[in-house]
Amino acid sequence: MKNVGKQLIWQQYQKEIAEDHFFYVRSCIRQNFFPGAEATFLRILKDVLHKDVYDDPAHTTCTGIGYHTDIIPLETTMTVVARQFALMTEKGYKNFIPSCVTSFGLYLEILESWHNHPEVLNQIRKYLKEATGRTFELPENIVHASDIIYKFRREIASKAKYRLVNQQTGQPLRVVEHIGCHYAKMFPHKSVGGAEFPRVLSGIIEEWGGEVIDYPERRHCCGFGFRQYFIKANRGYTFSSVKKKFDSMHPYSPDLIVTNCPGCNVFLDKGQYVISEQEGIVYGANGYGIPVLTFEELAGLIVGFDPWDIGLQVHQVSVEPLLDKMGVWYEPEKKYRGKNNIPLGQPLQPTVLKTF
Amino acid sequence: MPDFGFSIQSSQPIDLDKTYRAVYNFVKEKEPSIQRCIYCGACGATCTAANFSQMSLRKVNLLLLRGQIAEVRQLVEHCLLCGKCMLVCPRNVNTRKMILLIHQALKMPLS
């Protein structure tokens with residue numbers, strides 16, 4: 001392919017990412033399983049990048065999980081989404097950032113439906129008005145939270161305290177990037193880089209000094225698949241997918257996995273525990289797993305936030321080997337201490353997977 | 001081990017570089033028309049045996065290429081050698097000869 005052609009294709013997969021004034025909506029999964037991640041994102045935006053971001057306590061779930069598991073009618077989902085937009089409109093914002101990849105896909109899907117079927121939009125406006133008395137405007141710019149970090153990756157790198165470099169060897173850390181399916185596979189032109197070569201995480205990793213691993217099952221789903229995991233008898237499908245990915249990446253000895261999707265983060269992190277118990281396999285070095293971080297947590301580490309402040313102690317796989325490689329300073333005795341030094345208790349130990 | 005209530009199924013990839021092709025190669029050597037198959041499924045649609053079994057020559061050909069010989073063995077047992085598949089084949093594959101050669105190959109020690 002000629003270089004000109006390549007550039008033309010790449011232009012299709014560039015997206016406009018707003019500069020400032022964001023309305024932030026949280027993720028159900030992320031704030032429960034990795035509670036420090038979203039707080040870290042807001043802290044980076046406010047304290048490091050000095051941006052205006054509004055986190056509305058009145059916003060709710062987008063109902064994406066209920067929608068994808070077929071337990072909530074589409075009209076209800078659309079009305080709930082309309083309410084989120086109404087909150088944004090009331091607060092005077094036009095740039096909408098969902099934290100969750102499932103939400104991001106759902107918002108895009110609904111906006112696309114409304115674009116093609118204006119009569120549905122009018123119906124939803126009516127439903128929302130009747131139910132809550134609210135009205136709303138459509139967002140001018142809607143991007144995923146990882147797009148924001150991607151946009152400001154150089155600025156973050158310029159303020160970084162650490163880099164994705166092994167302090168002992170001086171070599172770049174080998175990083176696996178995993179992108180949630182609903183980020184680019186539903187609407188490729190709404191992502192950075194498209195569905196085949198999404199750039200949003202690899203761009204961040206390379207800018208911060210790491211080396212991205214290209215392994216055969218790189219674009220395979222994490223296995224969540226909603227109905228695969230939510231029906232207990234089907235959970236084998238989920239962990240078969242997780243195992244397939246880990247079997248595929250294992251020969252490349254990754255130091256770290258970074259995800260931009262809350263669900264993927266859960267299954268790649270906690271899935272290592274399930275595989276270790278059921279199959280007796282551990283994928284990291286010395287009996288430990290491969291640490292799995294969200295992009296916000298990674299950004300927090302890079303700019304020098306305390307690892308325990310950004311919630312790395314609630315990960316199933318211990319992050320200490322990664323912190324040691326990066327040379328991040330931390331206090332081991334404070335790992336399970338909460339605010340004002342209150343003990344949080346100790347987690348139970350897995351049988352096979354080693355933890356700190 | 002905790003009771004998870006589910007188990008992990010092992011992955012079943014078919015690596016075409018590593019599949020067992022001895023039976024397919026044997027048939028191909030004796031009856032090169034097998035290579036003309038376009039997997040249209042006309043043979044399976046017209047198959048008399050398919051009325052009371054899973055027989056489909058299209059599937060047999062695919063399984064041969066994938067080296068799934070145990071499944072091939074089960075399917076070809078149902079063939080009556082009536083030759084209707086030969087009549088409908090748009091690519092003139094000698095399907096009856098194919099079946100006979102598969103039977104022959106399955107009885108021989110092939111590497």
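**Close-up views of a two-chain predicted model**

**View 1. Pairing within a sheet of chain A.** In β4(A), A:N141 is the bridge partner of A:N95. This is a predicted model, in which local features need pLDDT of at least 70, side-chain atom pairs count only at pLDDT 80 or more, and totals for chains, interfaces and linings use all residues. Residues are numbered from 1 along each chain as its sequence is written, and chains are lettered from A and ligands numbered from 1 in the order in which they are written. Strand β3 (residues 95-98) of chain A pairs with β4(A) in the parallel sense over 2 bridges; strands pair if DSSP finds at least two bridges between them. The open sheet has 4 strands in the order β2-β1-β3-β4 (chain A), with parallel pairing. Its edge strands, each pairing on one side only, are β2 (53-55) and β4 (141-142) of chain A. Helices (H or I, at least four residues) and strands (E, at least two) are DSSP runs, numbered from the N terminus.

**View 2. Helix α5 of chain A and its surroundings.** α5(A) has 17 residues and reaches 24 Å from its first C-alpha to its last, close to the 24 Å expected at 1.5 Å a residue (1.5 Å times one less than the number of residues). Its buried residues include A:T77, A:V81, A:F85 and A:M88 (buried: 20 or more other C-beta atoms within 10 Å; exposed: 12 or fewer; partly exposed in between; C-beta atoms placed from the backbone). The buried residues of α5(A) pack against β1 (22-25), α4 (64-68), β3, α6 (101-116) and α7 (118-132) of chain A. Just after α5(A), A:G92 takes a positive phi of about 85°.

**View 3. The largest nonpolar core.** This core has 96 residues, and A:V81, A:I97, A:I149, A:V175, A:L256 and A:V258 touch the most other members (a nonpolar core is a set of buried Ala, Val, Leu, Ile, Met, Phe, Trp, Tyr and Cys residues joined through C-beta atoms within 7 Å). Helix α5 (residues 74-90) of chain A gives the most to this core, with 7 residues. Domain 1 (19-145) and domain 2 (149-341) of chain A both give residues to this core, so it lies between them; the domain bounds come from an automatic or database domain assignment.

**View 4. The setting of A:R154.** A:R154 lies in helix α9 (residues 153-158) of chain A. A:R154 is exposed, with 10 other C-beta atoms within 10 Å. A:R154 and A:K15 are 139 residues apart in sequence and 17 Å apart in space, C-alpha to C-alpha.

Conventions. Contact = placed C-beta atoms within 7 Å.
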